[in-house]
Amino acid sequence: AAYGELAARGYAGAPLYFNLGNAYFRQGQIGRARLWYERALRESPGDEDVLYNRELLRSQVGERADVRDWWADHVVLLSGLLGLANLFFFACCVGSLFRESETLWWGRWIGGVVLGVLVVAGGAAHRQAARPEAVVVAARVEARTGPSAAERVGFLVPEGQRVAWLEASGDWV
């Protein structure tokens, strides 16, 4: 309750979100725990404690990790590698202005390729991070085949499952 009060007052940060997730997890509220773990990971993507607890919760829900999660969890790493590749590439370019060398030629070539690959990977990570997602906090959610109570139920989504928000139509998501 105290952590929830702090969040309601506008306090934010990975430690608060992590503790809220833990509190909800201990109460058996898997959906709310997952929600706060995901928020903690947005604030601190490499936090091993949050990653561990999220994986524990995922296994309880029966959800597997996928490629989306790798991109989201490694945005900081990709950013650092992009910076290093950029620095290496331009150092080779500047070095080539003062000295002609086969090593610098290969450095420019390899640096350019690595830089291109990391730019594409960074773009994929950014697109993935920008996609709206949600966490199911209700005990039972019915995924229907259309935006109407008259539509048939396609499948059930378990509490704690992360879902992609593809489209909204009125009150239906």
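At what angle do the axes of H3 and H4 cross, and within what distance do they come? In this predicted model, the two axes cross at roughly 145° and come within 10 Å.

## Overall architecture

The protein chain holds seven helices and four strands. Read from the N terminus, the order of the elements is α-α-α-α-α-α-α-β-β-β-β.

The chain has 173 residues, and 30% of them are buried.

## Packing of H2 against H3

Two packed helices are described by the angle between their axes and the distance between the axes. For H2 and H3 the angle is about 165° and the axes are 7 Å apart. An angle over 145 degrees counts as roughly antiparallel, and H2 and H3 are therefore roughly antiparallel to each other. The crossing of H2 past H3 is left-handed.

On the H2 side, the residues that meet H3 are Ala 14, Tyr 17, Phe 18, Leu 20, Gly 21, Asn 22, Tyr 24 and Phe 25. Their counterparts in H3 are Ile 30, Arg 32, Ala 33, Trp 36, Tyr 37, Arg 39, Ala 40 and Glu 43. By class, the residues of this contact between H2 and H3 comprise 11 nonpolar, two polar and three charged.

## Packing of H3 against H4

H3 also packs against H4, and H3 passes H4 in a left-handed crossing. The H3 residues in this contact are Ile 30, Ala 33, Arg 34, Tyr 37, Glu 38, Ala 40 and Leu 41. They meet Val 50, Leu 51, Asn 53, Arg 54, Leu 57, Arg 58, Gln 60 and Val 61 in H4. The residues of the contact of H3 with H4 divide into nine nonpolar, two polar and four charged.

## Nonpolar cores

In soluble globular proteins, nonpolar side chains tend to be buried together. Here the largest nonpolar core has 13 residues. Those with the most contacts inside this core are Tyr 17, Phe 18, Tyr 37, Ala 40, Val 50 and Leu 57. Helix H2 (14-26), helix H3 (30-43) and helix H4 (48-61) are the elements that give two or more residues to the core. The most comes from H3, with six residues.

There is also a second, separate core of six residues, including Leu 78, Ala 85, Phe 89 and Leu 115.

Ala 40 and Arg 39 both have their place in helix H3. Leaving aside neighbours within four places in sequence, Ala 40 is in contact with Ala 14, Tyr 17, Phe 18 and Val 50. Ala 40 and Leu 51 are 11 residues apart in sequence, with their C-alpha atoms 9.4 Å apart in space.

Arg 39 counts as partly exposed, at 36% relative accessibility. The C-alpha atoms of Arg 39 and Gly 21 are separated by 9.2 Å, and the two residues are 18 residues apart along the chain.

Cys 92 is found in helix H6 (residues 75-98). Its relative accessible area is 7%, so Cys 92 is buried. Apart from neighbours within four places in sequence, Cys 92 is in contact with Leu 104, Gly 107 and Arg 108. Cys 92 and Arg 108 are 16 residues apart along the chain, and their C-alpha atoms are separated by 5.5 Å.

Where is Gln 161 found? Gln 161 is in the loop between strand E3 (153-158) and strand E4 (162-164). With a relative accessible area of 19%, Gln 161 is buried, given that the cut-off is under 20%.

Notes:
Residues numbered from 1 in each chain as written. Predicted model: local features only at pLDDT ≥ 70, side-chain atom pairs only at ≥ 80, totals over all residues. Heavy atoms only, no water. Core = buried A, V, L, I, M, F, W, Y, C linked by side-chain atoms within 4.5 Å. Buried < 20%, exposed > 50% of the residue type's maximum accessible area, 1.4 Å probe, protein only. Contact = heavy atoms within 4.5 Å. Axes fitted to C-alpha atoms, helices over the stretch in contact; angles between N-to-C directions. Parallel < 35°, antiparallel > 145°, perpendicular 65-115°, else oblique. Left-handed = near helix turned anticlockwise from the far one by under 90°. Nonpolar A, V, L, I, M, F, W, Y, C, P; charged D, E, K, R; others polar.
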